[in-house]
Amino acid sequence: MKKLVALLLCLCMAATACTFALAEGYTPGVYEGTGAGRNGDIVVSVTFSETAIESIEVVSHTETAGIGDTPIERIPGEIVKYQSLAVDAVTGATLTSEGIVAAVADAVTKAGGDAEALKQVEIQQEVSDAQVDKTADVIILGGGGAGMAAAVAAAEKGASVIVVEKTAALGGNTVRSGGYMNAATYTAQSNGMTEGQMETVMELATEEPKNDTQAKWQATVLEEIEAYKASGATYLFDSPSLHALQTYKGGDYEAIPELIENMCMNAPETFEWLKEMGFDWRDYSVAVIGSLWPRAQMSQTYKSGIGFIEVFTNQIAAKNLDVEILYEVQATDLTVDGDKVVGAVGKGTDGTTYNFTANKGVILATGGFGANVEMRQKYNTIWADLGENIPTTNSPAITGDGIVMAEAVGAGLIGMEKIQLLAIADPETGALDAHVGDATSICVNKEGKRYVNETERRDVLAAAALAQTDGIFYIISSSQNSDLDENGYNSYGLHIDDLVAAGEVYRADTLEELAVQIGMDPDVLVDSVKKFNEAVTSGYDPEFGRTVFNTHALIEDVGPYYACPRSPAVHHTMGGVCVDVDTHVLREDGTKIEGLYAAGEVTGGLHGSNRLGGNAITDCLTNGRIAGLTVVEEN
């Protein structure tokens, strides 16, 4: 009788296209299942009747906030609804989605069901042929940092806004970032100034300028540094003009100076704008990998870059701003009337076509193309290989959509070959979140030796890492420079115990034990750390010429100690559509495309051949805000 009932129920489940053999059904009860997620095990509690999965609860996980949230909310319900393990992964969170499915499959097996058969159950999704027309003052394509900054800025000026987001959640690459934003503000005074740093400033301020704009920055810095010296100050000197000089030189003088000036001079205002919205900045700044100076700002409480997105959504709610957000709608084309961009066309995951009309303008904020292997290979002229075997730190949704759309309506492109690798990625996945240790701390290769100035430019760091055995190195840290908070969580909200259990991080009470764990000569590692600490203490590294050290750079003489294996991955595409300082998209001849604006990584010309660490968030938020203001004020 049980077989007959199960068969009849299976035939009645038309929506699930049930084709698997549930001959014996399930043993009723509640079972736990475990699956490997992005950062560690995902544990689910699944309730079964004799014939169906009744409910699923995710009871524990270590997935990154802002990335894993949507699949955790959505996937269990879809499995129950369709009685199938063939549910679609959430775009941008594939590993988390797969981990949940694997955990449920484990529970199914424990309950006596056939997990492999459930994976074959086809889900008949209804495909819509509906046409939806939507109009707003401003249409923003992309809901990452740049898009949300633009949305809030425009809406605060009274505009109606529609944000078209390709994935099921806001954030783009911003939520995958470490959450650092460069801005020359008062927080620099939390750091001391060394002789080596003063020499760096003077070298930048007195080198032969490439143009009048650089000469202007230099003159400003010289005036500022004289006033600084006259005051008797000993804290770290910083200013927007110094920020501009370092950004320009860091990109091999290949960036457009006016774009650099626009970002660096406006960055402190962006800092204050976010502060006014409730963003709780730390009262000190630090150097991050490839930043060249301790001017990176971060929240006191938010983990990673999710705080920037939350402060914008909170502002929208608190002020009841006229911002509508459409999820899982991919913009495919820009619409034009003569030479003017007047809207866009998008396609929903259910097949619905969306026709967006912009009364004032369209803002592209779709990001770069780091996750598009074909585009990487098409434009790459710098690296030996950027094919499928090279992972990316990017969201899988960052595939150059905006660049393609803009080019189709006549936009000029600049610097498309300038693709940045970031050295500190997970060797297998390219992810950044399973990370422990200040990236400017001591880095050693598999032999236990330092091989580079850890505060060098990102392209230098990536090339140096690739030259090491297997392209692998380890960030070595102790408690004070582990970037773990008092409760053991890293800057992405992941706990050290989970990271160690997952094999993402090694931990030991002594350096010698740590060396043994990771397969290197203990004497070599101990000697490398000893020399590094001597350099930190003196403020100068004679081996690699390093002069910039964070205040917590010393490796302590008491454990625990950590080793985090890292390797380069595609991180940032410096090339993109041509824009001016007001974020107008430009044709190749420099003329404006009326009605079209762009901000963030979709644009090119700002970072030159190499982006400084911490400048991406500055770019996105500062230029996103400028785009939102410009489109409203001009129209």
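**Entry 1: Ala425.** I looked up the contacts of Ala425 in this predicted model, and, leaving aside neighbours within four places in sequence, I found Thr393, Gly430, Ala431, Leu432, Pro565, Arg566, Ser567 and Ala569. Ala425 belongs to strand β13, which covers residues 419-425. Is Ala425 buried or exposed? Its relative accessibility is 0%, and because buried means under 20%, Ala425 counts as buried.

**Entry 2: the sheet of β1, β2 and β3.** I then turned to an open sheet of three strands, whose order is β1-β2-β3 and whose pairing is antiparallel. Strands β1 (29-36) and β3 (53-60) stand at the edges with a single partner strand each, so one side of each has no neighbour in the sheet. On average, neighbouring strands here are turned by 25 degrees against each other, direction ignored. Between β1 and β2 (residues 41-48) I noted eight bridges, and I found Gly35 opposite Ile42 in β2. Helix α3, residues 94-110, lies across β1, β2 and β3, and runs at about 140 degrees to β1.

Entry 3: Last, I followed strand β9 (residues 329-337) and strand β10 (residues 340-348), which pair in the antiparallel sense over eight bridges. Which residue in β10 is the bridge partner of Asp333? I found that it is Val345. Two residues lie between the strands of this hairpin, and there Gly338 takes a positive phi near 70 degrees.

Terms used:
Residues numbered from 1 in each chain as written. Predicted model: local features only at pLDDT ≥ 70, side-chain atom pairs only at ≥ 80, totals over all residues. Heavy atoms only, no water. Pairing = 2+ DSSP bridges. Helix = DSSP H or I, 4+ residues; strand = E, 2+ residues; numbered from the N terminus. Axes fitted to C-alpha atoms, helices over the stretch in contact; angles between N-to-C directions. Contact = heavy atoms within 4.5 Å. Buried < 20%, exposed > 50% of the residue type's maximum accessible area, 1.4 Å probe, protein only.
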